[in-house]
Amino acid sequence: LAVVMIQSNWRGATGRQSFTRTRIVVVKLQAWFRCYLALCLRKQSISSAIHIQRSIRGKVCRKNLHSLRCTCAATQVQRQARGWKARTFFAHVRAASIMIQSKWRSASQRMTFRVARHKIVKLQTLIRLYLAFSFRKHAISSATLIEA
């Protein structure tokens with residue numbers, strides 16, 4: 001019976017160690033893969049955005065060529081510069097807010113996971129303690145019956 005308990009505890013400990021090592025490797029692989037996907041997505045979106053911007057700027061320039069040649073060309077240039085500045089500021093603010101939201105959600109989920117894991121480990125500890133005491137109580141009562 002003691003051998004079975006020792007074997008059970010040994011298997012449990014080695015199983016937990018194996019699970020922990022595997023989980024660490026999986027988490028590292030997930031982080032690397034997410035980073036790779038983010039880089040690929042960023043490269044693709046930058047090149048797409050540049051292409052779109054180039055096309056739109058060319059179309060806008062060709063369309064506004066005649067109006068730029070008139071007497072209010074300076075006003076037009078200033079207006080477009082201010083619009084461009086406002087749009088780029090908005091794009092930067094939007095990107096920053098998306099990044100902050102992403103980081104916040106990530107941190108929140110990590111904290112939720114840690115709390116849940118901590119509660120589960122506590123529960124497992126209590127269950128193992130209860131099983132050990134009930135096994136010990138049963139063993140003592142069995143030994144008492146044998147001696148009597």
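A disulfide here is a pair of cysteine sulfur atoms within 2.5 Å. By that rule the count is zero disulfides. The sulfur of C35 has its closest cysteine sulfur in C40, and at 9.5 Å that is too far for a bond. C35 itself is partly exposed, at 44% relative accessible area; on this scale buried means under 20%, exposed means over 50%, and partly exposed is in between, with a 1.4 Å probe and protein chains only.

Some ground rules before going further. This is a predicted model, where local features need pLDDT of at least 70 and side-chain atom pairs count only at pLDDT 80 or more, while totals for chains, interfaces and linings use all residues. Residues are numbered from 1 along each chain as its sequence is written, and side-chain values use heavy atoms, with hydrogens and water left out.

Now look at W32, which sits in helix α1, residues 2-68 (helices are DSSP runs of H or I with at least four residues, strands are E runs of at least two, and numbering goes from the N terminus). W32 counts as exposed because its relative accessibility is 56%, whereas Y36, at 42%, is partly exposed. The two are four residues apart in helix α1, so about one helical turn separates them.

The structure holds one aromatic pair. It's made by W32 and Y36, with ring centres 5.7 Å apart and planes at 10 degrees, so the pair is stacked. For the cut-offs: rings of Phe, Tyr and Trp (its six-membered ring) pair if their centres lie within 6.5 Å, and planes under 30 degrees apart are stacked, over 60 edge-to-face, the rest tilted.

Zooming out, the protein chain has two helices and zero strands. Its radius of gyration is 33 Å, well over the 15 Å that the globule rule gives for 148 residues, so the chain is more spread out than a compact globule. That radius is taken over C-alpha atoms, and the rule is 2.2 Å times the number of residues to the power 0.38. Along the principal axes, the C-alpha atoms fill a box of roughly 115 × 20 × 15 Å. As for burial, 3% of the 148 residues count as buried.
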